[in-house]
Amino acid sequence: MKTTVKTLEGSRQDLFIDGRFVAPKSGVYLPSYDPTTAEPWYAFAQGDAADVDAAVRSARAALVNPAWRRLTQTDRGKLVRRLAELVLENADELAMIECRDNGKLLKEMRAQMRAIPDSYLYFAGMADKLQGDTIPVNKLDTLNFNLCEPIGVVGMIIPWNSPLMMLTGTLAPCLAIGNTIVVKPSEHATASTLALAELVIEAGIPPGVVNVVTGDGTTTGDALTRHPGIAKYVFTGSTFTGRKIAGNAAENLVPCQMELGGKSPHVIFSDVDIDKAVNGVVSGVFAAAGQTCVAGSRCFVEQPIYDRFVEALVARTQRIKVGHPQVEDTDIGPLALSAQLAKVEDYVASGVREGAKIAAGGRKPQDGELARGWYFEPTVMTEASNTMRFMREEIFGPVVGVVPFKSEEEMIALANDTEYGLASGIWTQNIDRAMRFARNIEAGTVWINTYRSAAYMSANGGMKNSGYGRRGGFEVMREFSRLKNVVIDYSGAMQDPFVIRLR
């Protein structure tokens, strides 16, 4: 991998099309900002409709290129396995790039980059296990079966909060199946995706199988989601943007797989160890500075322990260290972009206006180096109501609202009173209650006595306005393949089509 933080500093990063880096046809480059200083540190290409078209054409050509199309499933798996090895070999540098680009903790990114190869290995093993089936029919001397084939060119629009992790969840299975890909990373974090593209070629994957077109959503994203050469779209991001993408895709009757916004409930019953539950809530909403779709930002606490729980949560929150993401003892780094900081500040202010109280945090640090970047203190809001704006809308920042409840029935009603349905969590020692919660909650993921515990072996996705389709596990292999039905008549006789014989 040639791209490093050192080579990125002050550089201009081109598009990656057909196995090589090329300048954008417009000649336009946009700045990428370091969240710790709010200053630009490299520039990336602004792709336009012509660049997108070139990338899609490259992907379509690669789809029928014998170097890719005629590979056996096992050999495709070997290439994906080699990519996993290269990601692991370059894990530290990839981690540093993402840390610099979006402000995530370096120690978190190092752990993430060492985990990502396992996902590639898992799907590499799936490459020769995707199979069709034979279907019994009411005709003798007839063989009826299904073939599983690649779906085609997949357009992927990935977010800025964990670019390579989010990309891997669909890139790995798509490669294992034999699809080709055009990726548009977020304009707020493009560098690690471009670096991965280098590793794709180094792994021996043919040129054109993976293409990266950078740029903003208005120009590049719109062109990609309207292109007639795409077979399916993958999007992770806001529900608002998801609706736009689905609308564009519908013009060409192209399906989508979407993981959208969330406003996940995190429920605490009075029979739990309060300190453990507090750690669960802190992990669920403050990890990654709250910049995760599954953040447990609505915390419902059973009335008998509400005061004690809030006291413990506030005390734990006040011990969280906000600091530079490359410092080892930092717990929370900056938000990834200035607009996100402004959004978080606005939501906290709206909560106060509606009657909520700031029990911890609630402001941007004003001291020293932190004042320069896009930092925000982890924030606990009490005296909250499920009707308040900051409890209804996705904040995508380190803010949690705490609400008491009296009964299980009331809790389920509160938890489900949202337009979203991505994730949920419950802390209780009552297994009957936990199972009732799992059955009754409207969410694609249910965590019991834990939170943010994810695995690439299991399928996950949203309900309601949190999107549709599933990622992870064998189910995602079905998401990005297509079935073709084949019927063979081996009777040796073809009857007159206009002679009807009754059975």
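Visitor: Is Glu-383 buried or exposed?
Guide: Glu-383 is exposed, with a relative accessible area of 52%. The words work like this: buried means under 20% relative accessible area, exposed means over 50%, and partly exposed is in between, using a 1.4 Å probe and protein chains only. Before we go on, this is a predicted model: local features need pLDDT of at least 70, side-chain atom pairs count only at pLDDT 80 or more, and totals for chains, interfaces and linings use all residues. Residues are numbered from 1 along each chain as its sequence is written, and side-chain values use heavy atoms, with hydrogens and water left out.

Visitor: Okay. Where is Glu-383 found?
Guide: In the loop between strand S15 (379–382) and helix H14 (389–392). Those elements are DSSP runs numbered from the N terminus: helices are H or I with at least four residues, strands are E with at least two.

Visitor: And what about phi of Glu-383?
Guide: It is near 50°, a positive value in a residue other than glycine. For background, most residues other than glycine have a negative phi. Phe-396 also has a positive phi, near 60°, and sits in the loop between H14 and strand S16 (399–405). Phe-396 is buried, at 13% relative accessible area.

Visitor: Switching topic: which residue does UniProt give as "active site"?
Guide: The unreviewed UniProt entry places that feature at Glu-259. UniProt positions are in the numbering used here, feature names are shortened, and annotations may be inferred rather than shown by experiment.

Visitor: Where does Glu-259 lie, and what does Glu-259 touch?
Guide: Glu-259 lies in strand S11 (residues 256–259) and is buried, with a relative accessible area of 11%. Leaving out residues up to four places away in sequence, the residues touching Glu-259 include Cys-293, Asn-460, Ser-466 and Arg-471. Contact here means heavy atoms within 4.5 Å.

Visitor: Next one: how buried is Trp-41?
Guide: Trp-41 has a relative accessible area of 2%, so it counts as buried. Trp-41 is in strand S5. Beyond four places in sequence, its contacts include Val-5, Leu-8, Ser-32, Ile-97 and Asp-101.

Visitor: Which side chain makes a polar contact with the side chain of Trp-41?
Guide: Asp-101, at 3.4 Å. A polar contact is a pair of N or O atoms within 3.5 Å; within protein, one must be able to donate a hydrogen and the other to accept it, and residues adjacent in sequence count only if both atoms are side-chain atoms.

Visitor: What sheet has S5 in its order?
Guide: An open sheet of three strands, ordered S1-S5-S4, with mixed pairing. Its edge strands are S1 (12–13) and S4 (29–34), each pairing on one side only. S4 and S5 (residues 39–45) are antiparallel over six bridges, and Ser-32 has Tyr-42 in S5 as its bridge partner. Two strands pair if DSSP finds at least two bridges between them.

Visitor: And S18, how many of its residues are buried?
Guide: Five of its five, across residues 423–427. Ala-423, Gly-425 and Trp-427 cover one side, with Ser-424 and Ile-426 on the other, and all are buried. In a regular strand the side chains alternate between the two faces of the sheet.

Visitor: Which strands pair with S18?
Guide: S12 (residues 265–268) pairs with S18 in the parallel sense over three bridges, and His-266 stands opposite Gly-425. S18 and S19 (residues 445–448) are parallel too, over four bridges, with Ile-426 opposite Ile-448.

Visitor: Last topic, charges over rings. What lies over the face of Tyr-29?
Guide: Arg-12, at 4.2 Å from the ring centre. Lys-232 lies over the face of Phe-480, at 5.1 Å from the ring centre. The rule is NZ of Lys or CZ of Arg within 6 Å of the ring centre and within 35 degrees of the ring normal.
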